[in-house]
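Subject: Model handover and what I found in it

Hi,

Here is the model I promised to pass on to you. Please open it next to this email, and my notes follow below.

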Amino acid sequence: MKKKILFGVVCSIFLFSIVSFADIKIGYVDMQKIFTNYKKAIESEETFNKEVETEQKKINDLQEEIKKMQAEYDAKKDILKPDEKTKKEEELKTKMEEFTKQWSDVNKKLTDRNNELINQRLEEIKKVISDYGKKNGYSIIMNNINNQIILYGDEKGDLTDKIIEVLNSQK
């Protein structure tokens, strides 16, 4: 008798699982494709690249200044008095330290800025995916980046282009 009850419970759980699983609507997106085709992400990248160019010009200017100082020093070092020579060497050393600090600061600033821009766009994308999923009855929307997560998926489940369309239609 206990075996029949246990068998009935197991069958009920199994049938309930099948019915519940059938109610789950699953979609997937390629976040990489969305990101590269999202116009705000493209604009963010262009903005970031301009910031990189501006900072690179400052670094290049400082580097040129150091090269000129070094060339002047090399040309005159044999005719300078010892105290003038020491002063020029100190100036060069200070400029090199300034360059190293500026280089490090710029790298950190640009890395932080890039992460900030990427995170802003990712949050916007995630919100659109979430809203789209809720509106269209999806239980799960998976990230199938570079087709490496889902080995097979019906094309109807690929929401990538729909999400890109929604994102790019926003102002």
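Below I go through the overall layout, the helices, the cores, the salt bridges and one surface patch.

First, the ground rules. This is a predicted model, in which local features need pLDDT of at least 70 and side-chain atom pairs count only at pLDDT 80 or more, while totals for chains, interfaces and linings use all residues. Residues are numbered from 1 along each chain as its sequence is written, and side-chain values use heavy atoms, with hydrogens and water left out.

**Layout**

The chain has five helices and two strands; these are DSSP runs numbered from the N terminus, with helices being H or I of at least four residues and strands E of at least two. Along the sequence the order is α-β-α-α-α-β-α. Of the 171 residues, 22% count as buried, where buried means under 20% relative accessible area, exposed over 50% and partly exposed in between (1.4 Å probe, protein chains only). Among contacts (heavy atoms within 4.5 Å) between residues at least 6 apart in sequence, 85% join residues at least 24 apart.

**Helices α3 and α4**

Helix α4 has 54 residues and reaches 79 Å from its first C-alpha to its last, close to the 80 Å expected at 1.5 Å a residue. The expected span here is 1.5 Å times one less than the number of residues. Helix α3 agrees with expectation too: its 38 residues should span 56 Å, and its end C-alpha atoms are 55 Å apart.

The buried residues of α3 include Phe48, Glu55, Ile59, Leu62 and Tyr73, and the buried residues of this helix pack against α2 and α4. In α4, the buried residues include Leu92, Lys95, Phe99, Arg121 and Gly133. Cover for the buried residues of α4 includes β1 (26-29), α2 (31-37), α3, β2 and α5. Just after α4, glycine 137 takes a positive phi of about 75 degrees.

**Two cores**

A nonpolar core is a set of buried Ala, Val, Leu, Ile, Met, Phe, Trp, Tyr and Cys residues joined through side-chain atoms within 4.5 Å. In the largest one, with 14 residues, Val29, Ile34, Ile125, Ile129, Ile163 and Leu167 touch the most other members. The elements that give two or more residues to this core are α2, α4 and α5, and α4 gives the most, with four. Leaving aside neighbours within four places in sequence, leucine 167 is in contact with Ile34, Tyr38, Glu124, Ile125 and Val128. A second, separate core of ten residues includes Tyr73, Phe99, Val106 and Leu117.

**Salt bridges**

How many salt bridges does the structure hold? There are 15 salt bridges, each a side-chain nitrogen of Lys or Arg within 4 Å of a carboxyl oxygen of Asp or Glu. Here are three of them.

- Lysine 109 and glutamate 55 meet at 2.8 Å, N to O. Lysine 109 lies in α4 (residues 82-135) and glutamate 55 in α3 (residues 39-76), so the pair ties together parts 54 residues apart in sequence. Lysine 109 is partly exposed at 46%, whereas glutamate 55 is buried at 9%.
- Lysine 67 and glutamate 64 meet at 3.8 Å, N to O. Both lie in α3, three residues apart, about one turn of the helix. Glutamate 64 is partly exposed at 41%.
- Lysine 95 and glutamate 65 meet at 2.9 Å, N to O. Lysine 95 is in α4 and glutamate 65 in α3, so this pair ties together parts 30 residues apart in sequence. Lysine 95 counts as buried at 16%, while glutamate 65 is partly exposed at 35%.

**A nonpolar patch**

On the surface, Ile24, Ile26, Ile140, Met142, Ile145 and Ile149 form a nonpolar patch with about 450 Å² of accessible area together. Patches are made of residues with over 30% relative accessible area and no salt bridge, with like charges joined within 9 Å and nonpolar side chains (Val, Leu, Ile, Met, Phe, Trp, Tyr) within 5 Å. Isoleucine 145 sits in the loop between β2 (140-143) and α5 (160-169), and is partly exposed at 32% relative accessibility.

Best wishes

Note on methods:
Areas by Shrake-Rupley, 256 points an atom, 1.4 Å probe, with all protein chains shown as cover.
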